[in-house]
Amino acid sequence: MLAAGSGALLVELGSGEETEAFHAELLRRRAAGELPGVREVVPGARTVLLDGIAHDPAVLARELASWRVPPLRRADGPAVEIPVVYDGPDLAEVAEAWGVAAAEVAATHSGTEFRVAFCGFAPGFGYLTGLPDHLHLPRRSTPRTRVPAGAVALAGPYTGVYPRPSPGGWQLIGRMPDPAALWDPDREPPALLVPGARVRFVEAGTGSGTGTGTGTPSASAPASGAEA
C-alpha cells in the first residue's frame, strides 16, 4: 500500500481478479457501515484508490492488510443491457482467432455476463471482464486513428464500448446503435457503466435492451486511465 497524499491510500493488487474482489469487498463493507471516513473508492486495472480518508491513513492501511477477501461473486439483480449490432470490421478476424463462425462470436459475446472492472480512457468508458481466458485477444498491431462512438471492442481480457469518437487499437466486433446513454452529465452518476455493475449485450432486435440501463450499478466514481 502506498500513501497518496495526506488523505488517500493506493492499494496495489497482484491481478485483475484480485482487484475486482478487493473492490467488491470494500463496497460491501462500506454499505454495511464498516468502512467509515472514506469518501471515494476508485478501482483501476491492478490498484484501488481510497480517497478522502477522514482519519490516519496508516491506521486504515494496517486494517486493510489484515482483511481476508473472499473470491469475487457475481452480483444479483438486474443487469445493464446494451444493444449491439454485430457487424464490426474486425468480426471476421476475431472469429478466425476464436476458431468459430462470425455468428458464433455474436452468440458467445451476447451470451456472456460481464462486470465493469474499472473506468477510464474517456468519460463513460468501462473496462468489462467476463470472457474466458482462451478468448482474450491482443490489441491491433496498428491502431485506428478514429473509432466511431458506440463501437463494441475487445482487447486483452476486456470488452469496451467507445462513448465518443477517438483513436483506438481494440478489435471492433459491433456497434451500439445509440451510444448517448453511456455518458449523460445530467444523470447521477453520469456514466451508465460504473465499477461493479453487471452488463449484458443484447443483439439488436432480439431482446429488450435499450441502452438506458436497467440495473442498479455501484456508485463508485469512474477512474482515470488510458485505453491501453
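## Burial and the aromatic cluster

A residue counts as buried when its relative accessible area is under 20%. Tryptophan 170, with a relative accessible area of 1%, is therefore buried. This holds for a predicted model. Tyrosine 127 also counts as buried, at 2% relative accessibility, and phenylalanine 125 is buried too.

A search of the whole structure gives 11 aromatic pairs. In one of them, the ring centres of phenylalanine 125 and tryptophan 170 are 5.4 Å apart and the planes stand at 80 degrees, so the pair is edge-to-face. Phenylalanine 125 sits in the loop between strand S6 (114–119) and strand S7 (126–129), whereas tryptophan 170 sits in the loop between strand S11 (166–168) and S12; the pair therefore ties together parts 45 residues apart in sequence. Tyrosine 127 and tryptophan 170 form another edge-to-face pair, with 5.8 Å centre to centre and 70 degrees between the planes. This pair, too, links distant parts of the chain, with tyrosine 127 in strand S7 and tryptophan 170 in the loop between S11 and S12, 43 residues apart. Ring pairs join Phe118, Phe121, Phe125, Tyr127, Tyr158, Tyr162 and Trp170 into a cluster.

Strand S9 (residues 151–155) is mostly covered, with 5 of its 5 residues buried. Ala151, Ala153 and Ala155 point one way from S9, Val152 and Leu154 point the other way, and all are buried.

S9 runs antiparallel to strand S12 (residues 171–175), to which 4 bridges join it. Pairing with strand S10 (residues 158–161) is also antiparallel, over 4 bridges. Leucine 154 has a bridge partner in each of these strands: glutamine 171 in S12 and threonine 159 in S10. S9 and S10 form a hairpin with 2 residues between them, and glycine 156 in the turn has a positive phi of about 60 degrees.

## Arginine contacts

Arginine 198 lies in strand S13 (residues 198–203). Its relative accessible area is 16%, under the 20% limit, so arginine 198 is buried. The side chain of arginine 198 makes a polar contact with the side chain of glutamate 113, at 2.7 Å.

Arginine 29 lies over the face of tryptophan 67, at 3.9 Å from the ring centre.

## The chain as a whole

The protein chain has 4 helices and 13 strands. Of its 228 residues, 47% are buried. The chain exposes about 10,800 Å², of which carbon and sulfur atoms supply 53%. Among contacts between residues at least 6 apart in sequence, 66% join residues at least 24 apart.

Key
Residues are numbered from 1 along each chain as its sequence is written. Side-chain values use heavy atoms; hydrogens and water are left out. Buried means under 20% relative accessible area, exposed over 50%, partly exposed in between (1.4 Å probe, protein chains only). A polar contact is a pair of N or O atoms within 3.5 Å; within protein, one must be able to donate a hydrogen and the other to accept it, and residues adjacent in sequence count only if both atoms are side-chain atoms. Two strands pair if DSSP finds at least two bridges between them. Contact means heavy atoms within 4.5 Å. Accessible areas come from the Shrake-Rupley method with a 1.4 Å probe; for residues, only the protein chains shown count as cover. Rings of Phe, Tyr and Trp (its six-membered ring) pair if their centres lie within 6.5 Å; planes under 30 degrees apart count as stacked, over 60 as edge-to-face and the rest as tilted. A charge sits over a ring if NZ of Lys or CZ of Arg is within 6 Å of the ring centre and within 35 degrees of the ring normal.
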